[in-house]
Structures are given as structure tokens and as C-alpha cells.
Amino acid sequence: MTDDDDLRARLRRADPAAALEPASPAQVAHLVEETMSRNTRRWALPVAAALVLLVGGAAWAATRPSAPQPVAAPASSASAPAATAGSVVLFTTGMQAKCREPEATRLAESADFAFEGTVQKIENGRVTLAVARVFRGSTVGQVEVAQEGESSETMLGSGKFEMGRDYLVSAAEGSVLICGYSGEADSIGLRELYEAAF
């Protein structure tokens, strides 16, 4: 007795239909015809899955939060006498956001103001940066940014402005761009992002 014979014998013993009489050719033909004519179940499951995905996708699209956008665009202060001596006031939202990887093309499209600056003063929730370089927008001497909360995970580096540190900051319509578009100047990849965008 070979291993195959032993296996067949085991299968016959385990077959719950072994005690039944074999089906007649007419019964087999009927069962085959019935199986072949029931094709609705074949496509019903994929169609149901597609409908669930379609409805789920539509629900997600209708209820998803808007894409994180930079929080403000530069608005020159009314008292700014000259471009280089003037100042700009920016705002942060302080919101928590899920962000996708920053892209130079998106930064170039979104930012209407971008600069490199050093924090000179932090007072009453307002950070004053001395501008060293303007990548985009009018040349100004300083920028003030409202700093809400202790930190923001969406700003690269420590997540907040710290005295004496250098930052790369971009903004759109007076709001600081977060989600990896602003942060400490020595943050990995941020300077390269600015150089590629501007």
C-alpha cells in the first residue's frame, strides 16, 4: 500500500456522503445546470463590495476635514514706513492637523510670503523675528507671529518659536503655513524644500 492509497482510504472513511448512493447522470446534469444558472451570486458580492466602497468614499469625502492649510498670509502693518524697515504680522491657528509630506511645488503654489528669520523677542504670545532673507513677498525688517499654546507638532523642530533660534517661515493670506512648511531653519529637509520652491 502506497501513501496515496492510504490517503484515499482515509478520505473515504472521512467522507460524510460515502454512505449515500451515487447520483444518477440525470441528477448530476440537473445539479450542474442549476449551479451554472445561479450566476447572480458570482457578481453579487463584488457589486455589494463596490457599493460599500462607493458609499464609504462619498461619506468620507463629505465629512473629511479640509486639507491643512497654512494659517495666514502676510498683511503688512499699517505703520510700516519702508519695505525693509516694515513689519508683517502673521497668525497661527494652533489647530491640530494630520499632514501629508511637504512638497516644494505645493509650497510654491500656496505661500505668498516666505522668509528666514531669527527670534528677537517673545512677549505676550507674540514672537518677533528679525528677517534675514525673504524668499517670497515684500522685503521687511521684522515679522511678528502670534504663538498660541506651548507647541505645535505641525511646525518642524521643537514645535514652537524659541528665543535666538533661526526659523524658516512661510505664510498664505496672513497665516503661517504648518504641516512641515515652517519650522526651525536647521530642521532636516526644510531649507532644501525652500530652495526648491523659491
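The model is predicted: local features need pLDDT of at least 70, side-chain atom pairs count only at pLDDT 80 or more, and totals for chains, interfaces and linings use all residues. Residues are numbered from 1 along each chain as its sequence is written, and side-chain values use heavy atoms, without hydrogens and water.

**Helix α5**

- Helix α5 spans residues 190–197; its buried residues are Leu-190, Leu-193, Tyr-194 and Ala-197.
- Buried means under 20% relative accessible area, exposed over 50%, and partly exposed in between (1.4 Å probe, protein chains only).
- Helices (H or I, at least four residues) and strands (E, at least two) are DSSP runs, numbered from the N terminus.

**Aromatic pairs**

- The whole structure holds five aromatic pairs.
- Rings of Phe, Tyr and Trp (its six-membered ring) pair if their centres lie within 6.5 Å; planes under 30 degrees apart count as stacked, over 60 as edge-to-face and the rest as tilted.
- Phe-113 and Phe-115 are a tilted pair, because their ring centres are 5.4 Å apart and their planes at 35°.
- Both Phe-113 and Phe-115 are buried.
- Tyr-194 and Phe-198 pair edge-to-face, 5.7 Å centre to centre with 65° between the planes.
- Tyr-194 counts as buried at 0% relative accessibility, whereas Phe-198 counts as partly exposed at 26%.
- Phe-135, Tyr-194 and Phe-198 are linked into a cluster by ring pairs.
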